[in-house]
Amino acid sequence: MADPYVVGIDLGGSHVNAAVVDVTGNVAGQAESPIDRTRPPRDLLREDVARVVLDAMTVAGVERRAVRGVGMGLPGNIDRRRGVCRFSPNFRWHDVEVARPLEEALDLSVFLLNDVRSHTLGEMQFGAGRGVRSLAMLALGTGIGGGLVVNGRLIEGAHSAGGELGHITVDPLGPRCGCGNRGCVEALASGPAIVRAVAELAEVGGATGILALAGSLEAVTPAHVTQAARDGDVDALSILSEAGRWLGVAIATVLTAIDPERVLIGGGVGQAGELLLVPARREVARRCRMIRASETPIVAAQLGQEAGVLGAAALALESVGLLPGLLDASHTA
Ligand SMILES: [Zn+2]
């Protein structure tokens, strides 16, 4: 019999990626396409997403009967048991049935999970979380997503919101977060927060090095700030150091709550690496007095751009029983 495969789908706000993956995490083939997130969800799923999955199978030279199941990560609050997206600010979806339309289009079982919870599974299985039983993951991008693993299993929580580490309050009177709260770590250390810090400096005549690199204030991205910091720009170093410090405050809270073996920092903004991690570790050491902070490595995630599809593949492999239980078994349909 042919080797079994699964398909991992990463559904983002502007693109969908799909990869055909084997049990060891090898990608046999993948495909991607831009999407229009304002399309009716049923059409988006049955047409655009399904087509990219079929394209990935064609590229991989893998037939449908060799595919055991499909996993999909997407931003928002996901009810994995019902295959429903309860709420996704990115798509403006409320209680949208997601798994079933895709199952009908593909004639395959489809399993859903929040995107960063799915990245966490991917890192556990194929990346920087291999070999540990407990883990906290934060993915820094447009927002900050999170995932927690305790005793070898992903924490999903009573309302599928367990592990939303980006919404830990780190500054009670801090800036407003997209979630409505004030001073979430997402409001202080995400990509938009870093860009806002550049704008604030620019307003008083600073950040000239970053502006020169980007061309204009409107064009500034976190990648420009990272690049400027690597070139020794003092403003960029201070902005990333401040973001890293807030990240450290959040990590200290996580360490105090669950004392994980390892903390992983991923996502596009996480590419800043040690520029964020050094101040984060310093802050953790300052705050965590119940644990010797040096005993909990705070390190970069490993899967990078592939985190989305490999995480979704790990979800599918787990859900069809090809990998040992990373999820709470009582949730399995
Ligand atoms: Zn928030």
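Trainee: At what angle do the axes of helix 5 and helix 8 cross?
Mentor: Helix 5 (residues 191-203) and helix 8 cross at roughly 135°, and their axes come within 10 Å. Axes here are lines fitted to C-alpha atoms, for helices over the stretch in contact, with angles running from 0 to 180 degrees between N-to-C directions. Helices (H or I, at least four residues) and strands (E, at least two) are DSSP runs, numbered from the N terminus.

Trainee: What kind of model is this, and how are residues numbered?
Mentor: It's a predicted model, where local features need pLDDT of at least 70 and side-chain atom pairs count only at pLDDT 80 or more, while totals for chains, interfaces and linings use all residues. Residues are numbered from 1 along each chain as its sequence is written.

Trainee: Back to the pair. What do we call helix 5 and helix 8 relative to each other?
Mentor: Oblique, therefore: under 35 degrees counts as roughly parallel, over 145 as roughly antiparallel, 65 to 115 as roughly perpendicular, and the rest as oblique.

Trainee: Left-handed or right-handed crossing?
Mentor: Right-handed for helix 5 and helix 8.

Trainee: Which residues make the contact?
Mentor: Helix 5 brings Ala 193, Ile 194, Ala 197, Val 198 and Leu 201, and helix 8 brings Asp 235, Ile 239, Glu 242 and Ala 243. Contact means C-beta atoms, placed from the backbone, within 7 Å. By class, this contact has seven nonpolar, no polar and two charged residues. Ala, Val, Leu, Ile, Met, Phe, Trp, Tyr, Cys and Pro count as nonpolar, Asp, Glu, Lys and Arg as charged, and the others, Gly among them, as polar.

Trainee: And how do helix 8 and helix 9 pack?
Mentor: Helix 8 (residues 234-258) and helix 9 (residues 274-287) have axes 7 Å apart, at an angle of about 45°. That makes helix 8 oblique to helix 9, and their crossing is right-handed. The contact residues include Leu 240, Gly 244 and Leu 255 of helix 8, plus Leu 276, Pro 279 and Arg 287 of helix 9. By class there are 14 nonpolar, three polar and five charged.

Trainee: New topic: which domains does the chain have?
Mentor: Domain 1 (5-121 + 306-331) and domain 2 (133-301), with bounds from an automatic or database domain assignment. Their centres, taken over C-alpha atoms, are 27 Å apart. The contact takes 17 residues from domain 1 and 16 residues from domain 2.

Trainee: Which elements give two or more residues on the domain 1 side?
Mentor: Strand 5 (77-79) and helix 3 (115-126). Helix 3 gives the largest share, six residues.

Trainee: How many helices and strands does the chain have?
Mentor: 10 helices and 13 strands.

Notes. A crossing is left-handed if the near helix is turned anticlockwise from the far one by less than a right angle, and right-handed if clockwise. Two residues are in contact if their C-beta atoms, placed from the backbone, lie within 7 Å.
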